[in-house]
Amino acid sequence: MPTRDPSVPHASQPILPTFTSHSISISTFEFRPPAKRHQTEDQYAPTDLNGNPSTHRLTATHPPKRASTQKPALPPPPSTIHPTALIANHAVLSGTHPITIAAHCIIHPYARIVSAEGPVELGEGVVVWEHAAVEGRGEGVRLERGVVVESGARVEGAEVGEGSLVGQGCGVGVGCVVGKHCKIAPRTILEPRARIPDFTIVYGANNARRVDTTARDRAEIMAAREKGQQRQMDALRKLVPSNTAKWMG
Amino acid sequence: MSRPAAASRKSAKGEYIETDTGNKISRRAQITGTANITLGGKTVIQSDVVLRGDLHRLPQRKEDGTMERTPTAISIGRYTVISSGCVLRPPGRNSGGTWRYYGMKVGDNVFIGPNTTLSSASISSHVHIGASCTLGNFSIINSNVKILPGTVVPALMVVPPGVVLGGQPARIVGELGEGWGGGGNGVGGGEEAWVEGGELRELQTMPAFVVREDTGGPNV
Amino acid sequence: MAQQFPYTYYACCVNISSSSSIAQKRSSRVATAHEEDEDRTFDPRSPRANYSLYPLEHLLYCDDCQQIRCPRCYTEEIVAWYCPSCLFDVPNTQVRTEGNRCQRNCYNCPICTSPLQVNPLEHSSHLAPEGSSGASYFLGCPYCNWSSLDIGVEFAKHTGITAQLAKLKSARQSQAKKERHERAENKDIKDTDPPNAPPTHDDLFTNLRSFYKDTLSSTNPVNPLSFDPTLYNSPPSVTRLMNLYAPPSAKRAKAAKPTPMREAHSPSEGFLPLSPTTEDATIARMAQAGWDGLTSTAQRVQQQHPTTKFVDDLWPVQTRLLTRRAKRCATCRHILTKPDSKISSTRYRIRILALDKIPRLSIRALAAHNTPHPSFPITVSSTASSSTTASRFEYESLRPGVMTQYLLTLHNPLFEPIRVTLGTPAVTPGNLASRVTVLCPQFEVGANTDVWDEALNSSAALSSKSKTQPGDAPIQAEAGKVWERGRNWTSVVVEIVPGFPGDTVVEVPVFVRLEYEYEHPDAAVFEKMREEGGAKVLEVPELGKQTREVAFWTVLGVGKVAGG
């Protein structure tokens with residue numbers, strides 16, 4: 001490595017306030033009528049199950065920063081949100097069907113909960129990460145207690161059982177039923193209308209399945225996992241500012 | 001650099017904001033906790049990139065009773081490109097009875113392809129990561145590594161330097177040539193843009209951006 | 001290969017099949033472009049081409065032979081062994097005694113190959129503090145959630161996994177052996193029955209090895225075929241030598257009477273006869289375990305014993321070691337690269353790259369080059385889609401019969417200016433006959449001088465550019481004229497008319513020949529060395545300036561024809 005050029009500040013220096021001020025000016029630049037934004041989203045939503053969400057659509061969905069402190073122009077979806085749920089800034093709830101969010105849920109920034117085509121029901125302690133999308137389709141989508149939907153995953157019109165994990169960039173399509181305590185390994189697209197029994201791990205490029213005998217047979221392992229998840233959620237609650245009030249109406 | 005056109009760099013309404021150290025950040029990047037993120041300089045962050053600077057280690061109370069500064073959550077080196085749709089989330093784990101987030105470090109001359117999600121503890125320099133990869137919690141990628149598109153690197157995996165990684169889960173599928181990463185002294189002339197991958201290839205998403213200019217000599 | 005367009009590959013060992021080519025290369029110290037094998041057009045579509053095309057970064061360069069060196073013309077030597085998971089250097093002696101597996105705590109998942117992690121088991125009960133004596137550990141897979149608990153393996157400590165596993169395994173084996181013996185004793189009366197449980201693989205192997213050792217030493221004390229270099233003057237070696245020089249008739253007589261050797265024929269000798277009862281038991285177990293309970297071929301080959309049939313019998317796989325290797329020119333034995341033996345360092349002690357010795361060719365469509373040229377970003381537009389499409393040339397959908405202009409740029413890594421001659425076939429070989437015209441096949445590329453030189457003479461550097469600034473009206477490419485020129489690079493225009501679909505990929509072979517004045521920094525020393533070495537002095541390097549020529553084939557992948 002050549003010695004560091006003195007003209008370039010040291011890497012450990014945080015982004016200067018100049019940048020922060022810039023980032024505020026972003027919103028003015030990017031602002032477009034919210035009504036149009038929602039329209040775009042609905043128009044795009046039915047397609048693209050298998051692919052990753054297109055960047056275009058993703059940008060179109062989250063409201064600009066300034067708007068996050070205001071009420072969205074479109075009425076928020078008819079939703080029942082438990083006051084202990086955490087919906088972060090930039091997380092988006094949209095659609096016309098009812099959205100139910102139970103206690104202790106965490107909806108991360110830039111996650112989307114869409115009920116345009118069907119109801120959405122999130123059980124207690126569900127975590128939806130950045131860029132993930134939970135969409136009601138057909139008979140709706142239902143995530144039971146403690147389900148985690150990782151970054152970039154899409155769950156559409158499916159049922160996911162208690163304590164299951166949907167990995168990064170996964171696709172769980174309409175009609176899929178995922179059992180309890182399953183793990184869908186990252187980048188796995190489930191075949192349509194897949195039935196995944198309890199304690200199943202779906203992994204690998206060919207969607208191989210195996211039964212998680214460790215978790216099934218050892219109560220202490222399960223307890224440890226739940227405990228870990230609980231602690232992570234506690235930590236997130238401290239770190240991620242809540243914007244739940246905006247959606248409570 | 002020698003172009004007069006380069007003088008008008010800070011275009012007022014461009015898609016990108018340029019910081020004082022030459023970082024270019026898309027106005028449509030989705031960054032939370034900006035105060036906890038450091039960028040080395042001349043780094044590109046494209047649209048729809050999520051940087052979770054808000055997930056940092058909680059500041060500790062110092063001996064004199066004052067609180068320490070919030071630790072850096074994500075630090076990114078120089079000449080690094082983060083393509084659109086990526087998610088960078090610092091790694092976290094249970095430690096001492098609570099869940100803690102740790103810093104994520106990305107080196108210099110790193111290319112991260114579109115829609116990749118990372119929770120690595122560290123990614124060293126001269127690493128090329130393809131599109132739609134997943135790098136698990138606390139994975140460590142050493143320098144001079146190429147990760148093929150769609151690879152899933154399991155949590156806590158350590159990737160040695162100089163290898164090609166691919167598959168779900170990731171395994172070592174090959175070795176890189178000796179010329180990878182800062183070999184040639186002939187690289188970096190003209191207004192070419194180069195990024196490592198397959199061959200030292202043109203950076204197509206950013207045609208006018210010089211990625212490799214540090215290898216030729218002093219920065220001008 | 002899912003390679004993105006456009007790309008450049010460099011050919012090496014184009015004609016390796018002819019036995020004389022190595023010798024030819026050796027003699028051509030100053031490579032002449034007019035060698036027989038270089039007269040023919042290189043055909044990138046030929047099946048052989050797959051084995052001689054490399055990206056530039058994979059190629060090395062031999063200074064003595066003045067040739068590019070590829071994996072087919074260099075030899076490798078292991079410098080160091082290391083574990084890819086814990087990044088520990090393993091000494092050669094340990095590799096020799098314990099094999100090429102990590103002996104520390106590195107294990108891979110027998111199900112999915114991902115690295116296993118040591119997890120505390122008692123960690124869950126928050127009452128027990130971490131690291132207390134009551135804690136136990138297990139190996140777990142972070143990807144597929146397999147754990148050593150599935151095969152009933154727990155560890156007392158989180159270190160020394162290998163030793164603990166070996167102990168567990170041998171305990172299990174002795175247990176099985178004991179049970180087998182007990183059963184055999186009970187059935188002593190009817191000893192025709194084979195024992196119910198077959199002996200373990202390890203036992204069989206030990207038995208077989210000792211059997212062969214005994215048989216070989218007893219039946220064939222003087223084996224003329226076994227040659228042990230450590231016993232050079234032993235009777236077998238002498239016999240072997242005598243045999244070598246004996247007249248053919250005697251040899252035949254000797255060969256005519258080989259001593260037949262007995263094979264193993266009982267479990268005590270390491271031979272396991274196929275027994276219907278054990279087979280039936282296995283089949284019954286297979287039926288019971290079902291598809292999910294059986295191992296896949298990939299999982300089996302990972303195991304120490306590839307006969308492992310059941311998922312329940314899978315054992316964690318020790319991580320295989322990797323090597324760092326030095327490379328030598330196969331012709332002159334000079335070292336081309338030698339990495340630091342420590343894995344922690346990515347430095348090389350010696351590294352002669354083709355990247356530093358031959359010009360780098362890069363091709364791209366002129367249309368892509370000619371888009372508005374702000375320094376950054378490409379276009380200023382509010383939507384993502386338009387900004388990307390406007391700037392990107394569609395290499396994947398070239399139109400057949402329509403001329404496309406490409407810009408071929410050569411970067412010179414040498415410290416001398418080079419004169420370059422490019423040669424292309426007028427029509428590319430293969431079904432897709434594309435027409436290719438290099439508008440300026442002969443040109444110069446400047447020396448790779450210090451960047452500071454350019455900075456200091458920036459006005460001169462600017463004026464050397466033969467073209468006006470891009471972003472103006474489209475510039476007409478002229479025949480015989482260089483498109484653009486910089487400090488150590490020159491661009492020329494190549495016109496390509498893709499043919500009608502036969503193949504879809506358009507690849508253009510280009511013969512590059514360069515010439516430069518070269519003064520050996522220590523020519524005198526070089527000469528003296530040769531004389532002392534007594535080697536045949538083929539061409540003594542001139543003390544003054546000499547002209548060097550280097551020539552090689554490259555292949556430019558310029559795109560794909562649409563609708564192929």
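The structure is a predicted model, in which local features need pLDDT of at least 70 and side-chain atom pairs count only at pLDDT 80 or more, whereas totals for chains, interfaces and linings use all residues. Residues are numbered from 1 along each chain as its sequence is written, and chains are lettered from A, with ligands numbered from 1, in the order in which they are written.

Chain C contains 14 helices and 22 strands, where helices (H or I, at least four residues) and strands (E, at least two) are DSSP runs numbered from the N terminus. Of the 564 residues in chain C, 29% are buried, that is, 20 or more other C-beta atoms, placed from the backbone, lie within 10 Å of their own. Contacts (C-beta atoms, placed from the backbone, within 7 Å) between residues at least 6 apart in the sequence of chain C join residues at least 24 apart in 68% of cases.

In chain B, six strands form an open sheet with parallel pairing, in the order β4-β7-β12-β15-β18-β21; pairing requires at least two DSSP bridges between two strands. At its edges, β4 (37–41) and β21 (158–159) of chain B each pair on one side only.

The mean pLDDT (the predictor's confidence in each residue, from 0 to 100) of chain C is 75, and 69% of its residues score at least 70. Over residues 370–391 of chain C the pLDDT is below 50, although this stretch has 47 contacts in the model beyond near neighbours in sequence. Where pLDDT is low, the predicted coordinates should not be read in detail.

Note on methods: A residue is buried if 20 or more other C-beta atoms lie within 10 Å of its own, exposed if 12 or fewer, and partly exposed in between; C-beta atoms are placed from the backbone. Two residues are in contact if their C-beta atoms, placed from the backbone, lie within 7 Å.
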